[in-house]
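Please keep the sequence and the structure in view while reading.

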Amino acid sequence: MAGRDSFSQVEIAPLIDHSLLSPTATEEQVIHWCSEADRYGFAAVCVSPCYVRLAREQLQGRPAQVCTVIGFPSGATTSATKLYEAQEAAENGATELDVVINLGWVKTGQSDRIHQEIAEICSETGQVVKVILETALLTPPELQMAAEVAMDSGAAFLKTSTGWHGGATVEAVQQLRTLTRGQVGIKASGGIRTLEQAMALIQAGATRLGTSQGPDLVRQQETWQDPS
């Protein structure tokens, strides 16, 4: 885990994708999440596709990006469906797309189909694409193949997980850091609730953190920096 002397060395807010992906999320919550993203200086707010337009309206002219998920949470929708979902999200104002990889294709080594699906989304939308690998479900060889194909397809980030099959781990982030060799960003996501967890993931190589606990993490860091 991260040493406590590292807690004040990295400002955590600019690394956070403030996530609201609960199936029961409401418009009021989305508005609140956008307000927090702007107030704390988060990198992005990540909402379900149906709320992209609302989030864009709330953050128009503000630094925080609008992120959404594609093929979430299983990754098993068709490539045509994912592409349409991604294009609609971009048209509605999303500038970052977290795309769930087809895990069945990973398990059966169908690298060409994976490449075509991701590359098409990247080229047709022109937006930042983060490929969700669901690291907890993959063997090391599967993870290596998925990571290499995603990078070759134009992904800007590799993301550890949806949060539906286990959260981000230091081990998974370290594996991705080794595989990416600094070529793309690494987004750790799932179960990040404490500053200690967050800093350990950053030290392991994460360049983004997907979490619904962003404001609390910022407050934890402020308390550590100024215990009075």
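Why is helix α8 (residues 195–204) largely enclosed by the rest of the structure? Seven of its 10 residues are buried, so α8 is largely enclosed; buried here means under 20% relative accessible area, exposed over 50%, and partly exposed in between (1.4 Å probe, protein chains only). Helices (H or I, at least four residues) and strands (E, at least two) are DSSP runs numbered from the N terminus. The model is predicted, so local features need pLDDT of at least 70 and side-chain atom pairs count only at pLDDT 80 or more, while totals for chains, interfaces and linings use all residues. Residues are numbered from 1 along each chain as its sequence is written, and side-chain values use heavy atoms, with hydrogens and water left out.

The buried residues of α8 are Leu195, Ala198, Met199, Ala200, Leu201, Ile202 and Ala204. They pack against α7 (170–180), β7 (185–189), β8 (208–211) and α9 (214–225), where contact means heavy atoms within 4.5 Å. Just after α8, Gly205 adopts a positive phi of about 135°.

Strand β4 (residues 96–100) contains Glu96, which counts as buried at 5% relative accessibility. The side chain of Glu96 makes a polar contact with the side chain of Lys130 (2.7 Å) and another with the side chain of Arg208 (2.9 Å). A polar contact is a pair of N or O atoms within 3.5 Å; within protein, one must be able to donate a hydrogen and the other to accept it, and residues adjacent in sequence count only if both atoms are side-chain atoms. Leaving aside neighbours within four places in sequence, the contacts of Glu96 also include Asp17, Ala44, Gln65 and Val128.

The nonpolar interior can be described next. A nonpolar core is a set of buried Ala, Val, Leu, Ile, Met, Phe, Trp, Tyr and Cys residues joined through side-chain atoms within 4.5 Å. In the largest such core, of 66 residues, Ile12, Ile101, Val131, Leu133, Leu158 and Leu209 touch the most other members. Helix α6 gives the most to this core, with seven residues. A second, separate core of five residues includes Ala44, Cys46, Cys67 and Val69. Beyond four places in sequence, Val131 is in contact with residues including Val99, Ile101, Ile118 and Ala150.

Helix α6 also meets α5 (residues 111–125): their axes come within 8 Å and cross at roughly 35°. The axes are lines fitted to C-alpha atoms, for helices over the stretch in contact, and angles run from 0 to 180 degrees between N-to-C directions. Ser111, Ile114, His115, Ile118, Ala119 and Cys122 in α5 meet Met145, Val149, Ala150, Asp152 and Ser153 in α6.

Some backbone features remain. Most residues other than glycine have a negative phi, and most peptide bonds are trans. The peptide bond from Phe72 to Pro73, however, is cis, with omega near 0°, and Pro73 lies in the loop between β3 (65–70) and α3 (79–92). Glu134, in the loop between β5 (128–132) and α6 (140–153), has a positive phi near 55° and counts as buried at 1% relative accessibility. Arg181, in the loop between α7 and β7, has a positive phi near 50° and is exposed, with a relative accessible area of 60%.
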